[in-house]
Amino acid sequence: MIQASPETMRLLLARRSHPAVTLKAPAPEGDTLEAMLTAASRVPDHGKLAPWRFVLIRGEARERLGEKLVEILERRDGPLSDERKAQELSRFALAPLVITVVSKAGVHPKIPVWEQQLAVGAVCMNLVVAAHASGFAAQWLTQWMAFDDEVSALLGLAETERVAGFIHVGTPSETPAERPRPELSDIVSEWSPQ
């Protein structure tokens, strides 16, 4: 029998994304990080396909990836403004850890691609919740890099894979402001037979 878990409900009701710029070291590592990735992978997965994988970006690799982003954009568009260059250099350097959730969803004889993609989205959300449950904070971002073939190749993705999200993880340095949430009366209806 499932037992009530008020602590879990409190966590879910209070969970709030923390802007990546407010996430500082330390980041989870070792057993804590392994537990978070394990929790992230415990999602409904029709067919047991596990249509996801993780790419960790941390340490000096964060800055190096920013340099690569600048190289890609300047090769395409010419020199970037100082402001844009600084923005791209810091994309992955804001938080001490960025976990790239990669979708491997693809055509399957029994499992629709849409169901696989939903499972990957659930992985992203479980990862965010696991970060918060572990005493850290997180923000799920995509931005232009998630949809760019050259960046995907740089991250080691196959042509059939896509970035589902960059989960920025670290220790919160401030409490984020609450934002408006939808009113349940606006999003809940009850079906009844005609």
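Guide: In this predicted model, 37% of the 194 residues of the protein count as buried. The accessible surface comes to about 12,000 Å², and carbon and sulfur atoms hold 55% of that area. Along the principal axes, the C-alpha trace spans about 60 × 45 × 40 Å.

The protein has seven helices and five strands, and their order along the sequence is α-β-α-β-α-α-β-α-β-α-β-α. Among the contacts with a separation of 6 or more, 79% are between residues 24 or more positions apart.

In soluble globular proteins, nonpolar side chains tend to be buried together. Here the largest nonpolar core has 22 residues, and I99, V101, L127, I167 and V169 have the most contacts inside it. Two or more residues of this core come from each of α2 (30–40), β3 (97–103), α5 (113–133) and β5 (162–172). Helix α5 gives the largest share, eight residues. Beyond its neighbours within four places in sequence, V169 is in contact with several residues, including L23, M36, I99, A131 and F136. A second, separate core has 15 residues, among them V55, L65, I72 and M145.

We may now turn to the charged pairs. Side chains of opposite charge can pair when their charged atoms come close. The whole structure holds 12 salt bridges.

One of these involves E88, a residue of helix α4 (residues 82–90). E88 forms a salt bridge with R91, and their closest N and O atoms are 2.9 Å apart. Both partners, R91 and E88, are buried. E88 counts as buried because its relative accessible area is 0%, and the cut-off for that word is under 20%. The side chain of E88 also makes a polar contact of 2.7 Å with that of R84. Leaving out residues up to four places away in sequence, E88 touches G66, L69, V70, L73, L80 and W144.

A second pair, R10 and E7, has its closest N and O atoms 4.0 Å apart. Because R10 and E7 are three residues apart in helix α1, about one helical turn separates them. R10 is exposed, with a relative accessible area of 52%, and E7 is likewise exposed at 52%.

Helix α1 (residues 6–14) also contains M9. M9 is partly exposed, with a relative accessible area of 48%. Together with L12 and L13, M9 forms a nonpolar patch on the surface, and the three have about 340 Å² of accessible area together.

R75 counts as exposed, at 53% relative accessibility, whereas E150 counts as partly exposed, at 30%.

Finally, salt bridges can also be joined in a network, as they are for R64, E67, K68 and E71.

Key:
Residues are numbered from 1 along each chain as its sequence is written. This is a predicted model: local features need pLDDT of at least 70, side-chain atom pairs count only at pLDDT 80 or more; totals for chains, interfaces and linings use all residues. Side-chain values use heavy atoms; hydrogens and water are left out. Patches are made of residues with over 30% relative accessible area and no salt bridge: like charges are joined within 9 Å, nonpolar side chains (Val, Leu, Ile, Met, Phe, Trp, Tyr) within 5 Å. Accessible areas come from the Shrake-Rupley method with a 1.4 Å probe; for residues, only the protein chains shown count as cover. A salt bridge is a side-chain nitrogen of Lys or Arg within 4 Å of a carboxyl oxygen of Asp or Glu. Helices (H or I, at least four residues) and strands (E, at least two) are DSSP runs, numbered from the N terminus. Buried means under 20% relative accessible area, exposed over 50%, partly exposed in between (1.4 Å probe, protein chains only). A nonpolar core is a set of buried Ala, Val, Leu, Ile, Met, Phe, Trp, Tyr and Cys residues joined through side-chain atoms within 4.5 Å. Contact means heavy atoms within 4.5 Å. A polar contact is a pair of N or O atoms within 3.5 Å; within protein, one must be able to donate a hydrogen and the other to accept it, and residues adjacent in sequence count only if both atoms are side-chain atoms.
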